[in-house]
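Here's a quick briefing to read with the model open beside you. Take a look at the fold first, then work through the points below.

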Amino acid sequence: THILYGEDECGPREATRPPVLFFILRPQPKPENAVTIAVSTRVLFRTEREQKVFERHGVEEYLRYQIQHENEPFAPGPAFPFVKALEAVNSRLRQLYPQSEELFDIVLVTYNHAHVGIRLINTINHHNLFIERFCMTGGSSPIGYLAAWHTDLYLSADAQKVREALAEGIAVATVFMPEKQTEVSESQLRVAFDGDAVLFSDESERIFKAHGLDKFFEHERQNEDTLLDHGPLKGFLEALGKLQKKFYAKGQRLDCPIRTYLVTARSAASSGLRALKTLRAWGLEIDEALFLAGAPKGPMLEKIRPHIYFDDQMFHVEGAAEMGTIAAHVPYGVAQKRQAGK
């Protein structure tokens, strides 16, 4: 419900008259039918200044600061364009399916105390976002609530909480803000995925880490017709595909506002077949597949301009961010042990 101040039928209201309140009600998708995206305050908005107040002066001063500045909206954060693109897709879906509950449902998940909610609501209205579901935990971990929201994806800036959510089986990633940010489409949601340890399990990556590239190629050739097991973000790709098919059913495949990308270090000739066969067997379509054979991913992502890119290796996340891509780290698989030891 958005509350607006406006004019009544008799013209502008007089200064002495109370405001006229207009309640604009929009249909809400039921969580079990929606594709639920949970985002933290720190990835949706820029809150670095407030975070410093908390770290230097503690929670009480932090709350006072937030209340004193509650009429000052937060600036957009790294996940802001992603959320705006979700809303653009919802707008198209509502045009095609006015009664459908299969939409993106965005939940703001935050450690903040309810006192900070006023500033968050003011900010959401200032930026014309449509977020009605809040989870404000007052300092407690929000991880236990994610399953209750039927969460399909959780984006956070807290690497520890991301690992906790992943352990609970939630599709999740830590989002990073690049120093420069590439402009992205306002009408088409673009999501790019790494393959191993993101869409797929880390089975093949374990072979590579333990035995080298030659053994990896041999393993993939021998198992070309053996499906890869699923990775932590397979379910999110399935959810995107479910909504894509709603556009295809209306003859809008070529004008679909959702586009997906596989950006993998695999080479097409020696190890790409298994990845593509696995996706096909799962009934999933990827709009574009880029097999880079070990080449840097950043330049390709700069051309794609995704709203978000998911990878399990910080090396690739950092490379993407350097090129202006909003990149998110999925802390899953064997690569995490190597990174932790650095």
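Predicted model: local features only at pLDDT ≥ 70, side-chain atom pairs only at ≥ 80, totals over all residues.

How do the residues of the lining of the largest cavity divide into nonpolar, polar and charged? They divide into five nonpolar, two polar and four charged.

Residues are numbered from 1 along each chain as its sequence is written, and side-chain values use heavy atoms, with hydrogens and water left out.

**The sheet**

- Ten strands make an open sheet with mixed pairing, in the order β7-β6-β3-β8-β9-β14-β13-β10-β11-β12.
- Strands (E, at least two residues) and helices (H or I, at least four) are DSSP runs, numbered from the N terminus, and two strands pair if DSSP finds at least two bridges between them.
- At the edges sit β7 (133-136) and β12 (288-291), each pairing on one side only.
- From one strand to the next, the twist averages 25 degrees.
- Helix α5 (residues 117-126) packs on the sheet and touches β6 (104-110) and β7, with its direction at about 150 degrees to that of β7.
- Contact here means heavy atoms within 4.5 Å; angles run from 0 to 180 degrees between N-to-C directions, using axes fitted to C-alpha atoms, for helices over the stretch in contact.
- Helix α10 (residues 234-248) lies across several strands, including β3 (35-40) and β11 (258-264), and runs at about 145 degrees to β11.

**Strand β3**

- Six of the six residues of β3 are buried, meaning under 20% relative accessible area with a 1.4 Å probe and protein chains only.
- Val35, Ile37 and Val39 point one way, while Thr36, Ala38 and Ser40 point the other way.
- β3 runs parallel to β6, joined by six bridges, and Ile37 stands opposite Ile106.
- β3 also runs parallel to β8, this time with four bridges, and Thr36 has Thr151 as its bridge partner.

**Ala327 in β14**

- Ala327 belongs to strand β14 and is buried, with a relative accessible area of 0%.
- Ala327 and Phe176 are 151 residues apart in sequence, yet their C-alpha atoms are 5.9 Å apart in space.
- Leaving out residues up to four places away in sequence, Ala327 touches Thr174, Val175, Phe176, Tyr309, Val317 and Ala320.

**Cavities and a pocket**

- On a 1 Å grid over the protein atoms alone, a cavity is a set of points where a 1.4 Å probe fits but cannot get out, and a pocket is an open set with protein on both sides within 12 Å along at least five of seven lines; lining residues have an atom within 4 Å of a point.
- Eleven residues line the largest cavity, with Asn90, Phe104, Asp105, Ile106 and Phe130 nearest its centre.
- The second largest pocket has a volume of about 470 Å³, and among its 24 lining residues, Gln51, Phe54, Tyr62, Tyr111 and Asn112 are closest to its centre.

Notes
Nonpolar A, V, L, I, M, F, W, Y, C, P; charged D, E, K, R; others polar. Buried < 20%, exposed > 50% of the residue type's maximum accessible area, 1.4 Å probe, protein only. Points joined across faces, edges and corners; volume = space filled by probe spheres on them.
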